[in-house]
Amino acid sequence: MDLDTVFERAGPRAFSPKDDLPQEYREAATRMIQFHANSEIMGAYLERPFIRQAPSLDRKLAFSAKVQDEIGHGQLLYRAAESLGVKTREQMLDELANGKGKFLNCFHYPMEHWWEVPMIGFFVDGAAMRRQATLKDTSWEPYAHAMDKICFEEGFHIKHGEHILRELGTGPKKHQELVQEAFEEWWPRIIQFFGPTNDKSVHHDFASKVGLKRKSNDELRNEFLTVYIPKAERYGLEIPEYPRINFDEETGNYEVVEEDLDWDEFFQIAKNEYEPGLGQINTRKAAQDAVEWVTESLENTGPTPQAAD
């Protein structure tokens, strides 16, 4: 199949491993899904310490389940990417461990306090859901299938994060002040979650033409703001003065003033050159190295024993 045919046929779940697709499509899809898989894994590592720090047994259990879900999402997505025949799952995991694998900007920042938890569990997961829901109609069928399961489980994660935000936002005044401080620090990062603006996005045009992406970064960002600004205000959060966000009375939509965001820091993060993010990558690598003996043991067990007659 040549690229012109791909452009003509591009649509929801249009292509599967049985199709003879051009290398350009396979590489673009691999890059996109690998980025998504890496982000699931790195998000889980960011939240993992809160299994212990959660203030009650119920919260600990919920966090434990969430972290397991996110790791599972990553593995599912590596398999969807692997089915394109460009990289193996092991290659992608090694790239992540060695600092070559890219992942979402929000997971490059450290998260140290309980009152920061809703910034990931509610706002970032909510932003992710805006994007992931569109990917159920992506053109690479194994990716779309993976999104069916991931979206179902992410819905629970968002509800969990919202419950924590509600608890903090309606609790003692000190809790309300702390969660407001966290929100002011994380809000610009969350808005940048969707990536660079349309005019600076390197991969958007091709990914859109072949049906891998269904909406642009700016469309998704504006939709997120329109839904989540009222939700933030409902729980007592004040929207920071910067970055400026304008409300269009005709359309009823919010839109950020893009020049108020720190895009230099964003692109530094995108290259894995942001110092706090390097710490996250090294922590993940140390965890992978620590269990390497398990992988080696499983690979060196020899032929699978035959069942006894």
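Student: How do I read a surface patch here?
Tutor: Patches are made of residues with over 30% relative accessible area and no salt bridge; like charges are joined within 9 Å, and nonpolar side chains (Val, Leu, Ile, Met, Phe, Trp, Tyr) within 5 Å. Lys and Arg count as positive, Asp and Glu as negative, while His and the chain ends are not counted. A charge is placed at NZ of Lys, CZ of Arg, CG of Asp or CD of Glu. Accessible areas come from the Shrake-Rupley method with a 1.4 Å probe, and for residues only the protein chains shown count as cover. Keep in mind that this is a predicted model: local features need pLDDT of at least 70, side-chain atom pairs count only at pLDDT 80 or more, and totals for chains, interfaces and linings use all residues. Residues are numbered from 1 along each chain as its sequence is written, and side-chain values use heavy atoms, with hydrogens and water left out.

Student: Which residues form the negative surface patch?
Tutor: Asp248, Glu249, Glu250 and Glu255 do. Asp248 sits in strand β1 (residues 245–248); helices (H or I, at least four residues) and strands (E, at least two) are DSSP runs, numbered from the N terminus.

Student: Is Asp248 buried, exposed or partly exposed, and why? What is the rule?
Tutor: Buried means under 20% relative accessible area, exposed means over 50%, and partly exposed is in between (1.4 Å probe, protein chains only). Asp248 has 35% relative accessibility, so it counts as partly exposed.

Student: Which residues form the nonpolar patch?
Tutor: Look at Val291, Trp293 and Val294, with about 300 Å² of accessible area together. Val294 belongs to helix α13 (residues 292–299), and its relative accessible area of 32% makes it partly exposed.

Student: How do I read a salt bridge?
Tutor: Side chains of opposite charge can pair when their charged atoms come close. The rule is a side-chain nitrogen of Lys or Arg within 4 Å of a carboxyl oxygen of Asp or Glu. A search of the whole structure turns up 20 salt bridges. In one of them, Lys87 meets Glu95, with the closest N and O atoms 3.0 Å apart.

Student: What does Arg244 pair with?
Tutor: Asp260 forms a salt bridge with Arg244 at 2.7 Å, N to O. Asp260 lies in the loop between β2 and α11 and Arg244 in the loop between α10 and β1, so this pair ties together parts 16 residues apart in sequence. Glu259 also meets Arg244 in a salt bridge, at 3.5 Å. Glu259 is exposed at 67% relative accessibility, while Arg244 is partly exposed at 34%.

Student: Which residues are linked in a network of salt bridges?
Tutor: That network links Glu47, Lys66, Glu70 and Asp125.

Student: And how do I read an aromatic pair?
Tutor: Rings of Phe, Tyr and Trp (its six-membered ring) pair if their centres lie within 6.5 Å; planes under 30 degrees apart count as stacked, over 60 as edge-to-face and the rest as tilted. The count comes to 24 aromatic pairs. Phe183 and Trp187 make a tilted one, 4.9 Å centre to centre with 40° between the planes. They are four residues apart in helix α8 (residues 173–191), so about one helical turn separates them. Phe183 is buried at 0% relative accessibility, and Trp187 is buried at 0%.

Student: Which cluster do ring pairs make?
Tutor: Ring pairs link Phe122, Phe123, Phe183, Trp187, Phe193, Phe194, Phe224, Tyr228 and Tyr235 into a cluster.
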